[in-house]
Structures are given as structure tokens and as C-alpha cells.
Amino acid sequence: MHTHVRAGQTLRIAPPVNAFALEADAASAGAVLIAGGIGITPIASMAAALTANASRYALHYTGRSISQLAFVDELRALAGEHLHLYGDDEASEANRFDLARLFATLTPGQPLYVCGPQGLIDAVIALASERGWPRERIRSELFATAAPQTGDAAFEVELRQSSMTLSVAPTQTILDAMLDAGLDPLYDCKRGECGVCQVGVIEGEVDHRDYCLSEAEKCSGKVMHICVSRARAARLIIDA
Ligand code: FES
């Protein structure tokens, strides 16, 4: 906007999209809401909707210390007994967030919503799949853009439709390399959640880092999300 839009220009806009909404059965199935730090923002809206419906749910909210958590007074008034607060620095073990302890109280398949840093989301997904939860019951929103990981290496990506080959630096995504090259790929969240940037994979092995493909789709190796996922080897050919 700052770089390209000029006064007097007409813009075409679309309505807002919610990629992290409560599903229809959340009100009846005992939804579990987990928020890490400022990831409370969408989770608080979900709690408000569930409270308005007089639904059974639990809100687990964690951060460095309970005294530093945002909106605690408002959440106490909103969620009452549904609210559970935790802090890493709390003296009592009961006040420190323990995912394994929480999962021991849940039934596999309860709708679970988690928003916060990547470590929290990855831990929830790993524990849920270890305990046989269907992947589609875990919905998440990352409260940051996906970060490069230790050991990420440069690779080449051939864009078959565009007849171009680009170098992707260790700290760069395929999407960013395409944007830097002046291309106009479709994308939205840049966190591997919305699925908008999905492309077909023609050749090469993918390091999948998205939160939207199923395990079967990842194993098929036929599609990937270029905003987060990378090549496992030196070269990848995609349908873009
Ligand atoms: S832009 Fe949303 S998954 Fe890539």
C-alpha cells in the first residue's frame, strides 16, 4: 500500500475472511481453547461466542507469568469457571501449563483450537496425534510469521509455468523469492495455514511446514505451500 497506492486511485477490496473460525459443532462438543500469550486475541472471541451460547468449553491461557497476561479481568468476567490461567514462572506446579496433564483430561476428538507461538502449536499437534486425535479436530493459528529453522539451506526452484528458475536463500521462502523476482503468486496468511498459496509439485522432495495439509497429502508429495515449505534437496520443480 505504502509503495504502490497513490491518492485518487480506485481499489477493489474483498470482504474479510476468517480462516480460524469456530466450527458448527464446537458449541455442543466441549471445545478446548488454548492460548499462548497474545494468541489470546482470536481465542477470546471464541470464548465470547461459546459463552453467549451457554456452551460447555474450557479456555486454557498461558504465558510467562499470570500477572503479565493480557485481558485477565475481562476474561474472568467473560469466561468465569471455564478459564484456566498458567504462567511459566509460577511457583506452584498446578499454575504452570502442562500439556500432557491437560490431554489426560480430554477425550480424543474434542474440538481443539490453539493460537500462539509455533512451539506451542507444534507441541499440541504432536501430542494430539500421538494420542490418536483426528488431525482435522485440531485448528490452529500461528501468532507470527513462520521463522527459518536451524539448518535451512539454499536451493533452486524451477517454476514450470513461468519458465524461470530461482535461487531461494536459507532465510527466504519460495514465495518471497517469487515476489522478489516480480512475479504475482497467490498468497494470504504467509504462515502455512490458509492454503491459498498451494501449488503442485512436479519433481523433488518437499519439507512440509504447513498446518493445512493432511499427513496423507504430505506423504503424496504432490502439493506444497510455498509460503513456508521448502525443498529437502538442492532442486525442486513446481507448477507455478
Ligand atoms: S499463504 Fe496461507 S498457506 Fe501460504
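Author: One term to start with: a residue is buried under 20% relative accessible area, exposed over 50% and partly exposed in between, using a 1.4 Å probe and protein chains only. Note also that this is a predicted model, where local features need pLDDT of at least 70 and side-chain atom pairs count only at pLDDT 80 or more, while totals for chains, interfaces and linings use all residues. Residues are numbered from 1 along each chain as its sequence is written, and side-chain values use heavy atoms, with hydrogens and water left out.

Reader: Okay, so is Ile13 buried or exposed?
Author: Ile13 counts as exposed, because its relative accessibility is 75%. Ile13 sits in the segment before β1 (31-36).

Reader: And which residues make the nonpolar surface patch?
Author: Met1, Leu11 and Ile13 make a patch of about 380 Å². Patch members have over 30% relative accessible area and no salt bridge; nonpolar side chains (Val, Leu, Ile, Met, Phe, Trp, Tyr) are joined within 5 Å, like charges within 9 Å. A salt bridge here is a side-chain nitrogen of Lys or Arg within 4 Å of a carboxyl oxygen of Asp or Glu. The areas come from the Shrake-Rupley method with a 1.4 Å probe, and for residues only the protein chains shown count as cover.

Reader: Zooming out, how many helices and strands does the protein chain have?
Author: Six helices and 12 strands. They are DSSP runs numbered from the N terminus: helices are H or I with at least four residues, strands are E with at least two. The C-alpha trace spans about 60 × 50 × 35 Å along its principal axes, and buried residues make up 43% of the 240 in the chain.

Reader: What about domains?
Author: The assignment, which is automatic or from a database, gives domain 1 (24-142) and domain 2 (155-239). Their C-alpha centres lie 31 Å apart.

Reader: Let's pick a helix. Which residues of α2 are buried?
Author: In α2 (residues 72-79), those are Val72, Leu75 and Ala79. They are on the same side of α2, because they cover an arc of only 60° around the axis. That arc is taken from the directions from the helix axis to the C-beta atoms. On the other side of α2, Asp73, Glu74 and Ala77 are exposed.

Reader: Where do Tyr86 and Phe97 sit in the chain?
Author: Tyr86 is in strand β3 (residues 83-87) and Phe97 in the loop between β3 and α3 (99-103), so the pair links distant parts of the chain, 11 residues apart. Both Tyr86 and Phe97 are buried.

Methods: Rings of Phe, Tyr and Trp (its six-membered ring) pair if their centres lie within 6.5 Å; planes under 30 degrees apart count as stacked, over 60 as edge-to-face and the rest as tilted.
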